[in-house]
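Good morning, and thank you for joining. Please keep the sequence and the model open while I go through several local features.

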Amino acid sequence: AVGPKLLQYVIKVIVQAIQLLYTMLKIDQPSYILLQNPPGLPSIAVAWVACLVWRSKLIIDWHNYGYTVMSLSHGRNHPLVQIAKWYEKLFGRLSDYNLCVTNAMKEDLWVNCNIKAVTLYDKPASYFKETPLELQHQLYMKLAKDYEPFKPRYVSNAEMSAFTEMDEKNGHVIKTRGRPALLISSTSWTEDEDFSVLLKALEDYERYINEGVNLPSLVCVITGKGPLKDYYNRLINKLHFKHIQICTPWLEAEDYPLLLGSADLGVCLHKSSSGLDLPMKVVDMFGCCLPVCAIHFECLHELVKHNENGLIFRDSNELAEQLKMLFLGFPKLEGKLHNFRKNLRASKELRWDESWDQTVLPLLG
């Protein structure tokens, strides 16, 4: 950390490029190099050089544009952002094949970069699925050891969590009467997700309950790690809800799909930096047949079908109204939630490996 920040950044990129090229050239010669972008600086250029040495083919998997991610912290007109934009367009055109995650990005790559791509939608892995009630109970009991919202609301001789209990006589698991609704969101706690939108909607939800609306208590779980987590935790600690509990755990890898498959509703606050990529968290939620409320951006309709598999909102007021509508009379009445879940079960979308076989293998011949 010596000298101007721009010089530090240039040196860092050069060192990374040398390290990456050295590491790549030590492996056995591949037929193809598959590179996800972003991050693409310096990896696109390094992979291209390695392909020249090996006479291999370079495939770029465009999930977003790196320069638009940089612009979130530096601004669109910052010199580094403009250099990154030029770099991505230049070296992106040197690839042999290109994949992208939306039709909107496919069109943008062609129009603005003269890059021909094939759309390969993100799909959930096979382990993202609805969680059986017995597994739900085991997960809740595990989480209850560390997180207050999962602990039972009253003392009982039965083995209980806030959501489930085990029948002492036959060992069967049932859902507790008057259980809270479980809302889940996941995040990397970065600038492209404004969680104040959710917190404001939860304040309105609390007000609805205080006004006598027939709504359940709510447990809101926000998973993930990232630079803004401490900032939002401070905001959460200032809230004093009677009917809402919020926790921000870091889940073990095997527990995350289980929790998605146990939840009642997912919320997505991801706003694409380019407006051209789709949130992977929603893909995983749909794999678990979990209905979603997602914040609007340009190409979100390629994934979330409003009023079919979820709802799209534009601000906290709209999200609060959607939460009220979806949870009214819960758990006895699950009209929209039930219909969304039924539509997700019926859709039978391809899983990741099936989608790869259908889309990418023919491309490679």
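Asn-114 sits in the loop between helix 5 (103–113) and strand 4 (118–119). Helices (H or I, at least four residues) and strands (E, at least two) are here DSSP runs, numbered from the N terminus. Asn-114 has a positive phi of about 55 degrees, although it is not a glycine. With a relative accessible area of 52%, Asn-114 is exposed; the scale sets buried at under 20% relative accessible area, exposed at over 50% and partly exposed in between, for a 1.4 Å probe and protein chains only.

Before I continue, a word on provenance: this is a predicted model, in which local features need pLDDT of at least 70 and side-chain atom pairs count only at pLDDT 80 or more, while totals for chains, interfaces and linings use all residues. Residues are numbered from 1 along each chain as its sequence is written, and side-chain values use heavy atoms, with hydrogens and water left out.

Asn-307 also has a positive phi, of about 70 degrees, and is not a glycine. The loop that holds Asn-307 runs between strand 11 and strand 12 (310–313). Its relative accessible area of 40% makes Asn-307 partly exposed.

How many residues of helix 10 (residues 280–287) are buried? The count is 7 of its 8 residues, so the helix is mostly covered. The buried residues are Lys-281, Val-282, Val-283, Asp-284, Met-285, Phe-286 and Gly-287. Among the elements that cover them are strand 7 (181–186), helix 9 (255–260), strand 10 (265–268), strand 11 (292–295) and helix 12 (335–347). Contact, here and below, means heavy atoms within 4.5 Å.

I turn now to the cis peptide bonds. The bond from Asn-37 to Pro-38 is cis, with omega near -5 degrees. Asn-37 belongs to strand 1 (residues 32–37), whereas Pro-38 falls in the loop between strand 1 and helix 2 (43–54). A cis bond is also found from Phe-330 to Pro-331, with omega near 0 degrees. Pro-331 is part of the loop between helix 11 and helix 12.

What surrounds Asn-37, leaving aside its neighbours within four places in sequence? The residues in contact with Asn-37 are Ile-44, Ile-60, Asp-61, Trp-62, His-63, Asn-64, Gly-66 and Glu-88. Asn-37 counts as buried because its relative accessibility is 1%. Its side chain is joined to that of Glu-88 by a polar contact of 2.7 Å. Such a contact is a pair of N or O atoms within 3.5 Å; within protein, one must be able to donate a hydrogen and the other to accept it, and residues adjacent in sequence count only if both atoms are side-chain atoms.

Asn-64, one of the residues that Asn-37 touches, is in the loop between strand 2 (57–62) and helix 3 (66–74). Asn-64 is buried, with a relative accessible area of 7%. Its side chain makes polar contacts with the side chains of Ser-273, at 3.0 Å, and Ser-274, at 2.7 Å. Not counting residues up to four places away in sequence, the residues touched by Asn-64 include Pro-38, Glu-88, Met-105 and Asp-277.

The last topic is a pair of packed helices. Two packed helices are described by the angle between their axes and the distance between the axes. For helix 7 (residues 196–210) and helix 11 (residues 316–327), the axes come within 8 Å and cross at roughly 50 degrees. The axes are lines fitted to C-alpha atoms, for helices over the stretch in contact, and angles run from 0 to 180 degrees between N-to-C directions. Helix 7 is therefore oblique to helix 11; angles under 35 degrees count as roughly parallel, over 145 as roughly antiparallel, 65 to 115 as roughly perpendicular and the rest as oblique.

On the helix 7 side, the contact residues include Val-197, Leu-198, Ala-201 and Tyr-205, and on the helix 11 side they include Leu-319, Ala-320, Leu-323 and Phe-327.

Ser-196 is in helix 7 as well. It is partly exposed, with a relative accessible area of 32%. From Ser-196 to Thr-164, the separation is 32 residues in sequence and 30 Å in space, C-alpha to C-alpha.
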